[in-house]
Every structure is written in structure tokens, then in C-alpha cells.
Amino acid sequence: MDFRHQIASSGALSSVVADVLLVVVHGDGVDASLDAAVASPLKEAVALGDFQFKAGRTLYVQRPAGLKAARLVVSAAGNSSVKAFKSAVASGLAQLKGLGVKHVAVVNGNSSAVTEQHAEAVTSAASDAAYLYRETKPSAQPAPSLAKVTLICGKPEAKDVQRGLVRGAAIAAGVTLAKTLANLPANRCTPTYLGVQAKAMGKDYGLKIEVMDRKQIEKIGMGSFLSVAQGSAQPPRFIVARYDGAAKSQAPVVLVGKGITFDTGGISIKPSADMDEMKYDMGGAASVLGTLRAIAELKPKLNLVVLVPTCENMPSSTAVKPGDVVTSLSGQTIEILNTDAEGRLILCDALTYAERFNPACVIDVATLTGACVIALGNHHSGLFSPDDALANQLLAASRAALDPVWRLPLDEEYDDALKSNFADMANVGSRAGGAITAAKFLQRFTGKYRWAHVDVAGTAWKSGAAKGSTGRPVGLLTHFVLSQAA
Ligand code: BES
Ligand code: MN
Ligand code: ZN
């Protein structure tokens, strides 16, 4: 999609040329500074009881008198925050679904208050509205025609707005990649497929991509990762991708994504209800690859490494069994009491592998625990880190990206749950605090660098009628990585 900005005040909207003029209004009445051609149909609608200044309310007008734009959409924001502005843009765009609209011009009721954040919000709302999954559904409507979005801003000096549009477009491209990978069914999106896609992205952007097969993973000694992979006929892959934007001497940020392309639970098999959604168990992998794409487009001066351990978790005669003890790459042994706690088993070896990059920090992202969904629901992702400074940087990135995370504790008391009589640790504790004990398990492999863990089990996809990947947390990760540039 093409994102531009145009200088115009909210008092001079009549000359804006577009298929739709989408005006976001705030407060509880028609602003005196609003162009009369917008204000008068809005006042009429209010008088008729067809419009209220309440979040989510929209007004649609065809061929509005006095406007060059063929349609006018007015959308109410609950307050003056960027978050409310973004939801109002999304509600306005939802009105246009299925219409022949190619070019939308978006204006904030107070156009001089448009910032970099507003610009990024518009790109993300527009890209979400235009997203259509077609890969295995040829009957889906042809690609939506929304192709161009113009943001109207009142400031003659709009460098910050331009910056927001560029960053937003890159994040939107990363989110779209993450959504597409995650929405693909597991018979299409296999570990092999993820490896091929990573290679293809490397070619497009000039990145170094290494895709290791089972033999190479064995040679490295990733016994924990391989124990999950051993139950499936689909061969595992370990993807190592690098973006080099700074001197080799500069320590890279390392992102690690859980890439379980389907999680049956293994021998500790899951109930069958909703098991289809376990195709999304590679959402962490999709998000770190999406972030790599966003960063490769923005070309900041920093180094980034993306690690993806990817395999299926299947029950079979070769599958790992409850009680089996495996040796991780770190040398620590693990008693696998529950084969459904497989995410941590593939991540722990990738986290040990990350040591060889002498990282500035390591962030892992995983659809790791149902317990995290119980704790935080589907709005905030779970954030875990023993490092307050790193956690605060991630929280700041989360706020800037409108991609919420909530920090949960990692006190040493929680570690007791992982005691085993037969190995250095068990892979599960009791049910209590399950998201935290999973993070405590990972922490045992992260002693050599600054580390944080993001549990996206509740936020990587939506269930129900709107079932589909959200592409989260590409926004959070991209903002965080950009904040690490010198
Ligand atoms: N991929 C699941 C976590 C999950 C479950 C994400 C439901 C989203 C929705 C993970 O591999 C898993 O199965 N975790 C177990 C851990 C348990 C056995 C300690 C869980 O959460 O039940
Ligand atoms: Mn599982
Ligand atoms: Zn899983």
C-alpha cells in the first residue's frame, strides 16, 4: 500500500481529492474549526439522532455537498489518545468493506495535532483493514482495492509524520508476513516451508540466512529440541538469520521465536476441541521473521540475529515419552514429564545457541502457555525478565507500538516447581503459576546475557468468527529493536 501525507488544515478539507474523506472527531460536539462541508452533514446527523460522539460510532455520506471526495466517513474517537484515534480509523475503514474504494484520506479532527504516532497508527489500521487471507481460499474476494492512504496534517513541517508513515509501512509489511505464515495450515506451513520462506526473504533483502537440517542440529547437540522433533515425519529445521546494519564488533540483538508448526501435545495428547488452532503454535517464529522483514526495510544501524527452532509435536512410536530424560545443548538434563510442554524444550537449545553471538540482549517470543491466557486474557502479552532496565525498554516499546504487554514476576521461589529426582530439572511444575514456571525453565538457559521472554499465547491469534493471526508482537519487537540503534 502507498502511504503519503498531505498538508491541509481541518478547516480546508473541501479540496482534498480522494475516494473517501475519513474524519476522526473528538469530544462531544462539532468542532468550530471543522470545514463547513464536513460540519454541516455531521450536525444534521446529530440532530436526526443518527450520530453520537461515542467511540465506535460512524457516519457515512455519499457525494457530500461541497467536498471533492466522493464519500465522507466521520468516525468518533472516545478520547484524544493515539489509541482512540487508531480504533476510530479502524471503525471508519470497516464501513468501507466491499466498496470500490482505492484511496482514503484520513484527517484527525484537530489536524495540527497529528504526530508520528498518529501516522504509524493509520498505516497499521489501513493494512489490517486491507488484509485478506487467500492462500488456501481462492474463493475469497479478490484482493481488496484499498491501495493508497493519505494522512492530512496541518503542520507545514511534517518530517515526523513522514517518519511515522515509513516506520508504519515497514511494520505493516512485517505484520502481514507474520499473519500469512501463521494463518497457513500446518500441512502447508511445515518446518521445511518456514526454512524456504526465510531463505526467500534473505534473497529479497540481502540477508544471511542459514537453515540447518536434522543432521546439522544433531551435530550441534540440541538434544532437547530434537526430542520434540523425533515424533514427526516432518523433519525439523533450525533457522539462523542475520541482518548486519552496523560494524561486526557491535553486539547484536537476538530474537528467538517458537516454531512449533503443529502442537498435538505429543504422547501427552491434547483434547480435540479447538486443536486446529495449534497451527498457530509457530506464531512466535512468524513474529520474529516479520520483525526481521520490518528491520530489513528500515535499515537501522544495528545488528540483529533471528533464531527459529521449528518442528512438529506429534505422538508416534518414535515420539518422546513422559519420563524420558534428554540432554540439552547446555549440558543440563531435562526430565520430560509432560510432552505438551514442548515449546520450552525447543527454545532452551536456541537460547543456549544464542550465547555464541555475544548478544546485547536476547528476547524470546512464544505461544508458550495456556496459563498465560488465563492470567492476562487476549489483550496483553506476558512479559518476563529479571532485568528491570530491559523490561522497562520493552514496556516503552509496547506503549509506542500500541502492542500491550504486562510484566509478570520471576522470583526464585517459583523455581522449586521444576525439581526432578532424575534430571537437573523437570519440564513442568504444577498447574499453579504455569506461565511463570515456564519462564523460570527458560531462565535456566539464559545466564550469560540480558534476557526477556514474551508469552503471546493469548495475543498471537484470535478465535471464533474472527479466527486469524494478529501478527503480534511485530510492532512491539520492531519498536524495541529500533530503540537499540546507537
Ligand atoms: N502451545 C501450547 C500453549 C497454548 C495453549 C497456547 C493454548 C495457546 C493456547 C503449549 O505448548 C502447551 O501445550 N503448554 C501447556 C503446558 C503445560 C503442559 C505445562 C499448557 O499450557 O497447557
Ligand atoms: Mn504444547
Ligand atoms: Zn506448544
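Analyst: Contact here means heavy atoms within 4.5 Å. Helices are DSSP runs (H or I, at least four residues), strands are E runs of at least two, and both are numbered from the N terminus.

The model is predicted: local features need pLDDT of at least 70, side-chain atom pairs need 80 or more, totals for chains, interfaces and linings use all residues, and side-chain values use heavy atoms without hydrogens or water. Residues are numbered from 1 along each chain as written, and chains are lettered from A, ligands numbered from 1, in written order.

Two packed helices are described by an angle and a distance between their axes.

Start with α9 and α12. Helix α9 covers residues 343–353. Helix α12 covers residues 434–443. Their axes (lines fitted to C-alpha atoms over the stretch in contact, with N-to-C angles from 0 to 180 degrees) come within 9 Å. They cross at roughly 30°. The two helices are therefore roughly parallel (under 35 degrees; over 145 is roughly antiparallel, 65 to 115 roughly perpendicular, the rest oblique). The crossing of α9 and α12 is right-handed (near helix turned clockwise from the far one by less than a right angle; anticlockwise is left-handed).

Which residues of α9 and α12 meet? From α9 come Arg-344, Leu-345, Leu-347, Cys-348 and Leu-351. From α12 come Ala-438, Phe-441 and Leu-442. By class, seven residues of this contact are nonpolar, none is polar and one is charged (Ala, Val, Leu, Ile, Met, Phe, Trp, Tyr, Cys and Pro are nonpolar; Asp, Glu, Lys and Arg charged; the others, Gly among them, polar).

Next, α2 and α3. Helix α2 runs over residues 82–94. Helix α3 runs over residues 116–130. The axes come within 9 Å and cross at roughly 30°. That makes α2 roughly parallel to α3. This crossing, α2 with α3, is right-handed. On the α2 side, Val-82, Phe-85, Lys-86, Val-89, Ala-90 and Leu-93 make the contact. On the α3 side, the residues are Gln-117, His-118, Ala-121, Val-122, Ser-124, Ala-125, Ala-126 and Ala-129. The contact of α2 with α3 divides into 10 nonpolar, three polar and one charged.

Now α4 and α8. Helix α4 spans residues 159–183. Helix α8 spans residues 283–298. Their axes come within 8 Å, with a crossing angle of roughly 150°. The pair α4 and α8 is therefore roughly antiparallel. α4 passes α8 in a right-handed crossing. Helix α4 contributes Val-166, Arg-167, Ala-170, Ile-171, Ala-173, Gly-174, Leu-177, Ala-178, Leu-181 and Ala-182. Helix α8 answers with Ala-286, Ser-287, Leu-289, Gly-290, Arg-293, Ala-294, Glu-297 and Leu-298. By class, the contact of α4 with α8 holds 12 nonpolar, three polar and three charged residues.

Asp-274 sits in the loop between β10 (259–263) and α8. Its phi is near 60°, a positive value in a residue other than glycine.
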